2 protein chains.
Amino acid sequence: MSHYKAYLIDLDGTMYRGAKPVEGASEFVKYLETKHLPFMFLTNNSSKTAVQVADKLNDLGIPAHYEQIMTSSMATAIYISQQQGPSKVYVIGEQGLRDAMFKEGHELVDDNPDFVVIGIDHNINYEKLTKACLHVRNGAALISTNADRAIPTERGMVPGNGALTSVISVSTGTEPLFIGKPESIIMDQALARLGYDRDRVLMIGDNYHTDISAGINAGMDTLMVETGVSSFQEVKSYEKQPTYKYKNLIDWMIEKKQKD
Amino acid sequence: MSHYKAYLIDLDGTMYRGAKPVEGASEFVKYLETKHLPFMFLTNNSSKTAVQVADKLNDLGIPAHYEQIMTSSMATAIYISQQQGPSKVYVIGEQGLRDAMFKEGHELVDDNPDFVVIGIDHNINYEKLTKACLHVRNGAALISTNADRAIPTERGMVPGNGALTSVISVSTGTEPLFIGKPESIIMDQALARLGYDRDRVLMIGDNYHTDISAGINAGMDTLMVETGVSSFQEVKSYEKQPTYKYKNLIDWMIEKKQKD
């Protein structure tokens, strides 16, 4: 395990659950810092800016700089730049997505966009969806920050961005390009930012269908923890297994220290 | 053609387009009245009440009584009654749907519904969709007035109720029961109201995928007119053909008079 030179780390269910830190999260990140091992945090959450995410981590006692954050919104903005440079974008989404587009030099427009981009939007309405559908029918490319169908909250599982995106894809008959985990687009961008080959980087997360699958899809080794969504029992039956499975990151550090 | 004892007639594209009557619509309906041939109008539009629909027809010079209207909202309310009598229903939709539920004796509730019902809602928002998802995950049955993916407007094709419904079905992994055309549920209810066997009733409409398919699915003869969405050219390649094809209802009346 000690041959990994850098780490990609999921947030929700791996570093925190709601407003509480996950057991061992702070210790693990501090350990990486002590060892001067580079790392980045990856989140499908498109609603927050990198600064907001870093602030939250710091508030929970987890060291993080905003440059160590890659949100699905940032990955989306970078992807569009790679495709055709600064672009006209019609956005459905929240501050994190608008901010990411702006920082990457894209123009947020209401008319004649090159891209329609959708991320989670708690102020979604019929007019926003209508405009998105009309733009896509007029030839704009449809990009969605992530395909999450549902988000766990205290109330239960509420609609995720993948569910909102389906209004546009079903109405127009156009499949969206998804950017976030489990797609490899967000992984490739995080790896590029880290500057290490993928075989020297370990992907860590709790959700098999997003985090672990993203690592597998990107051709990386993966470490699954059981502190969030997926259970080892559930994952047993899947064809592609995580490289490592640890109940939590404390167990991982204990075993790592014994081996070191 | 003269053996039909009653008629089921689509509205949008068959009787009117937007705010204008379709050529021959008024003459055709007046002809049925003169001949004392019973008829009903069928619409997937769930937003209007029967009275509002009848008023619109009358304003366009087309004779219609509200008891001759069957909307997908009414068919949904009746279907729920048939399943388990007066029920607790959580509704996403507009006046036509709420009114239909109320008239059928159902209780509109925010908590613990037996059914989640969705129809087109121009005031759709995240909270409504969230509640619907939570109720479905708690066991409420999911019913959607119709599966229309897009609605033609002056602005272009805008999201239909089938597209809105997909937020709930994608997020919860629950397939909805659709009531409106091309499903046979709305057809069965209209036939029951008319009181004629299906082989004595002709279904008339412009949209192959809703009107004509509904007639075919219900085991009825169908008459397709080319005054709305579908063209004869497009329909040529389909396996199941309409029983009759007439450019418009004027042509149908001319031929009918020649044969009578």
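**Exercise 1. Does H36(A) count as buried or exposed?**

Conventions come before the solution. This is a predicted model, in which local features need pLDDT of at least 70, side-chain atom pairs count only at pLDDT 80 or more, and totals for chains, interfaces and linings use all residues. Residues are numbered from 1 along each chain as its sequence is written, chains are lettered from A and ligands numbered from 1 in the order in which they are written, and side-chain values use heavy atoms, with hydrogens and water left out.

*Solution.* 
- Step 1: Buried means under 20% relative accessible area, exposed over 50%, and partly exposed in between (1.4 Å probe, protein chains only).
- Step 2: H36(A) counts as exposed because its relative accessibility is 71%.
- Step 3: H36(A) belongs to the loop between α1 (25-34) and β4 (39-43) of chain A. Helices (H or I, at least four residues) and strands (E, at least two) are DSSP runs, numbered from the N terminus.
- Step 4: Although H36(A) is not a glycine, its phi is positive, at about 55°.

**Exercise 2. Which rotation and shift superpose chain A on chain B?**

*Solution.* 
- Step 1: Copies are superposed by least squares on the C-alpha atoms of residues with pLDDT of at least 70 in both.
- Step 2: A 180° rotation with 0.0 Å of shift along its axis brings chain A onto chain B, with an RMSD of 0.0 Å. That is the relation of a two-fold axis.
- Step 3: In chain A, the C-alpha of N125(A) is nearest the axis, 2.6 Å from it.
- Step 4: Both copies use the same surface, since 100% of the contact residues of chain A recur in chain B, where contact means heavy atoms within 4.5 Å.

**Exercise 3. Why is helix α8 of chain B described as largely enclosed?**

*Solution.* 
- Step 1: Helix α8 (residues 208-217) of chain B has 10 residues, and seven of them are buried, so the rest of the structure largely encloses it.
- Step 2: Among the buried residues of α8(B) are Y208(B), D211(B) and I212(B).
- Step 3: The packing partners of the buried residues of α8(B) include β1 (6-10), β13 (201-205) and α9 (232-235) of chain B.

**Exercise 4. Summarise the overall fold of chain A**.

*Solution.* 
- Step 1: Chain A contains 10 helices and 15 strands.
- Step 2: The radius of gyration of chain A, 18 Å, agrees with the value near 18 Å for a compact globule of 260 residues. This radius is taken over C-alpha atoms, and the globule rule is 2.2 Å times the number of residues to the power 0.38.
- Step 3: Of the 260 residues in chain A, 57% are buried.
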